[in-house]
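The exercises below are meant to be worked through with the sequence and the model side by side. Try each task before reading the solution that follows.

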Amino acid sequence: NVGLGSATNRSSFYQVGTNVKDVFASCNSNSESSFYITNDGQLYSTGRNINGGCGLGFVGEVPTFTKVTIPAVPRTIIGSNMGFIIPCTNGELYMTGSRGEGRLGDGTVAYVNYTSPTKNTLVDATFVNSINNTMHTFVSDYMILFSTGTPYASGADYNGECAIGIKNGSY
């Protein structure tokens, strides 16, 4: 996930290299992918890409940072264990990676991957524009977003992880 072009584990910090295009405006990583947004709004990813989380249209290793085609200008990147949501400057929300157990908040619990940035049509621009850069992932199957100080949860709620007051294995 570090974008150095090899599968060698790194035990200390390394400069990523010359293929990193610009000083980034935002970055995020999870267990399978890493992303950054350049100052001019371009999106790049690298990683294991097991669930298509790199957003490049396929599943499989991406050893160096590679430009991701996305229909809108990304504002920030928010990752859960196996997927990412990407709030954009136009108020649209895009998703990559595994949407299983409802973790991307797109209305499904099916284990289907988004291998390219896919628009979430269940949220409106007001909500997307209010999402700040704070996100917590406590386990692999859900995320909590903070929108103007209010928490919103999506994903597996087997033991009450989503803080909605029930513990029944719901999504």
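**Exercise 1: a covered strand**

Strand β2 (residues 33-38) is mostly covered, with six of its six residues buried, where buried means under 20% relative accessible area (1.4 Å probe, protein chains only), and where strands are DSSP runs of E, at least two residues in length, numbered from the N terminus. This is a predicted model, in which local features need pLDDT of at least 70 and side-chain atom pairs count only at pLDDT 80 or more, while totals for chains, interfaces and linings use all residues. Residues are numbered from 1 along each chain as its sequence is written, and side-chain values use heavy atoms, with hydrogens and water left out.

Task: determine which residues of β2 lie on each of its faces.

Step 1. In a regular strand the side chains alternate between the two faces of the sheet.
Step 2. Ser33, Phe35 and Ile37 accordingly belong to one side and Ser34, Tyr36 and Thr38 to the other, and both faces are covered.

**Exercise 2: the partner of β2**

Task: describe how β2 is joined to strand β3 (residues 43-47).

Step 1. The two strands run antiparallel and are joined by five bridges; strands count as paired if DSSP finds at least two bridges between them.
Step 2. One of these contacts places Leu43 of β3 as the bridge partner of Ile37.
Step 3. Four residues separate β2 and β3 in a hairpin, and Gly41 in the turn has a positive phi of about 85°.

**Exercise 3: the cores**

Task: find which residues make up the largest nonpolar core.

Step 1. A nonpolar core is a set of buried Ala, Val, Leu, Ile, Met, Phe, Trp, Tyr and Cys residues joined through side-chain atoms within 4.5 Å.
Step 2. The largest has eleven residues, among them Phe35, Ile37, Leu43, Phe84 and Ile86, and the elements giving two or more residues to this core are β2 and β6 (83-87).
Step 3. A second, separate core has nine residues, including Ile85, Leu93, Leu104 and Val128.

**Exercise 4: an open sheet**

Task: explain why one side of β5 (78-79) and of β8 (113-119) has no neighbour in the sheet.

Step 1. Four strands form an open sheet in the order β5-β6-β7-β8, with antiparallel pairing.
Step 2. β5 and β8 stand at the edges, each with a single partner strand, so one side of each is left without a neighbour in the sheet.
Step 3. β5 pairs with β6 over two bridges, and Ile78 stands opposite Ile85 in β6.

Conventions: Buried < 20%, exposed > 50% of the residue type's maximum accessible area, 1.4 Å probe, protein only.
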